[in-house]
Amino acid sequence: MNKMGEDTMLLTTLCTGEEVHRYKKSIVVFLNGKRKTLATSPHNGGYRENLTAVFNNDATRGAGVATTLDAPTYAEHMALLSEKLGLDPDTSAGISTAAQMENVSIKSERYKDITVTAIVTGGVEVNGGRAGDPASWDELENKAIEYVKHGTINIILHVNVDLSEGALARAMVMCTEAKTVALQELQAPSRYSMGLATGSGTDGTILIANADSKIHLTNAGNHVKLGELIGRAVKDAVTEALLLQSGLSPESQHNALKRVDRFGITDDLLWAQYKDSPNDGLNRARFSDRIDKLMRQDMLVTYTSLYAHLLDQMMWKLLSPAEAIQAAGVLLRAMDMPPLKEKKHPADVMDGLHLLLGALMDGFLSLLGAANPESTGNKEGEETDDSL
């Protein structure tokens with residue numbers, strides 16, 4: 001990497017000679033020769049063959065400062081931004097995010113003469129969403145249904161060979177699937193439902209194919225090498241970008257509470273119930289210390305993860321409420337939690353969900369009210385007991 005002045009950097013040079021620069025809170029890819037692009041950009045988006053540059057922009061205005069547009073519409077704002085970046089607004093396309101460009105991840109995968117490079121920024125902590133979640137914006141009425149949160153995974157994917165238009169579209173699908181795989185493996189939650197995130201509400205993607213290449217490919221699906229390369233590069237880049245931006249990682253997710261906060265079981269809710277019930281007199285600070293130590297215990301994380309997946313399978317109707325309740329009883333005993341209060345089977349999935357979530361809440365409170373963090377936390381070097 002060559003430093004080119006403060007906050008300005010040549011990040012990499014792609015195998016086709018195209019330079020990727022970071023400057024003015026943006027990452028810009030300057031395109032050489034004939035290129036096919038497919039982009040979700042509001043300005044010059046869709047399929048194009050005339051673009052000379054694409055970019056990803058950090059739209060934040062500073063800590064505590066609301067993000068605003070410099071034009072009446074988002075598309076016009078992006079056109080103005082391209083001019084500020086020294087680009088031709090008629091032949092450039094961009095996407096924006098609240099992630100910092102310093103937290104970019106660049107990953108390449110190669111097979112023989114094919115190289116794909118994923119250039120990714122990302123954050124999903126507050127805006128993770130699942131396909132089919134309730135919407136936040138009604139474009140027909142031009143009004144918000146609820147507050148639109150910030151958090152975006154932006155992907156620029158460069159392929160060094162020529163692709164048919166259909167293959168370019170299929171590459172977009174593969175790119176999206178790979179992003180979802182990364183989120184699934186991190187157990188990233190939706191913030192609009194009880195499901196796992198499949199992306200965020202504001203994700204953007206720009207694909208670039210080299211139309212000058214003598215190699216012409218017509219497929220980018222799971223069964224072909226190009227699809228495999230896209231899947232690996234995008235998954236790895238998304239995973240690293242989320243780590244760089246917010247610390248999201250397998251290690252940070254090794255916490256029982258993070259496995260179930262999408263169901264509404266949170267630190268604040270546990271504290272509210274703890275202080276309003278008979279307890280051992282912890283203040284908020286000591287309670288937070290206790291909950292942090294407890295929720296990181298190996299077997300509690302393991303069993304809580306199984307419990308969460310049990311809830312998922314019941315909601316997906318892969319298991320009946322009766323089957324889920326029977327299995328939940330086994331897990332509650334394994335976690336040394338009180339048994340289910342109700343013996344009768346619920347009438348439907350939502351009743352079953354409320355019953356099982358209530359039982360898990362009671363179980364956590366039982367452990368928190370009685371547990372001595374000095375004795376229950378695993379000490380370094382000790383083997384984990386199979387029971388709590």
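Let's start with Lys-24, which counts as exposed at 54% relative accessibility; exposed here means over 50% relative accessible area, buried means under 20%, and partly exposed is in between, using a 1.4 Å probe and protein chains only. Although Lys-24 is not a glycine, its phi is positive, about 50°. You'll find Lys-24 in the loop between strand 3 (19–23) and strand 4 (26–30). Helices (H or I, at least four residues) and strands (E, at least two) are DSSP runs, numbered from the N terminus.

A quick word on the model. It is a predicted model, where local features need pLDDT of at least 70 and side-chain atom pairs count only at pLDDT 80 or more, while totals for chains, interfaces and linings use all residues. Residues are numbered from 1 along each chain as its sequence is written, and side-chain values use heavy atoms, with hydrogens and water left out.

Now compare Asn-44. Asn-44 is not a glycine, and it has a positive phi of about 60°. Asn-44 sits in the loop between strand 5 (35–39) and strand 6 (46–48). Is Asn-44 buried or exposed? Asn-44 is buried, at 11% relative accessible area.

Let me step back to the whole chain. There are 10 helices and 18 strands in the protein, and 48% of its 388 residues count as buried. Take the contacts, meaning heavy atoms within 4.5 Å, that have a separation of 6 or more: residues 24 or more positions apart account for 72% of them.

Leu-207 belongs to strand 17 (residues 204–210) and is buried, with a relative accessible area of 1%. Leaving out residues up to four places away in sequence, Leu-207 touches Lys-36, Thr-37, Leu-38, Leu-157, Leu-168, Ala-171, Met-172 and Cys-175.

On to helix 1, residues 74–84. Which residues are buried there? They include His-77, Met-78, Ala-79, Leu-81 and Ser-82. Strand 7 (53–58) and strand 8 (92–97) are among the elements that cover the buried residues of helix 1. After helix 1 comes Gly-86, with a positive phi near 80°.

Next, the aromatics. A pair of aromatic rings is described by the distance of the centres and the angle of the planes. Rings of Phe, Tyr and Trp (its six-membered ring) pair if their centres lie within 6.5 Å; planes under 30 degrees apart are stacked, over 60 edge-to-face, and the rest tilted. How many aromatic pairs does the structure hold? It holds three. In one of them, the rings of Trp-271 and Phe-287 have centres 5.3 Å apart and planes at 55°, so the pair is tilted. This pair links distant parts of the chain, with Trp-271 in helix 5 (residues 267–275) and Phe-287 in helix 6 (residues 284–295), 16 residues apart. Trp-271 is buried at 16%, and Phe-287 is buried at 0%. Phe-287 also pairs with Tyr-274: the centres are 4.8 Å apart and the planes at 40°, so this pair is tilted. Tyr-274 is buried too, at 2%. Together, Trp-271, Tyr-274 and Phe-287 form one aromatic cluster.

Elsewhere we have a charge over a ring, which requires NZ of Lys or CZ of Arg within 6 Å of the ring centre and within 35 degrees of the ring normal. The charged end of Lys-225 sits over the ring of Tyr-111, 4.8 Å from its centre.

Finally, the cores. A nonpolar core is a set of buried Ala, Val, Leu, Ile, Met, Phe, Trp, Tyr and Cys residues joined through side-chain atoms within 4.5 Å. The largest has 42 residues, and Leu-270, Tyr-307 and Phe-364 have the most contacts inside it. Two or more residues each come from helix 4 (256–260), helix 5, helix 6, helix 7 (298–315), helix 8 (321–334) and helix 9 (349–370). Which element gives the largest share of this core? Helix 9 does, with 12 residues. As for Tyr-307, and again not counting residues up to four places away in sequence, it touches Ala-328, Leu-331, Leu-332, Met-335, Leu-356, Ala-359 and Leu-360. Apart from this core lies another, of 38 residues, among them Leu-163, Ala-220, Ala-233 and Ala-241.
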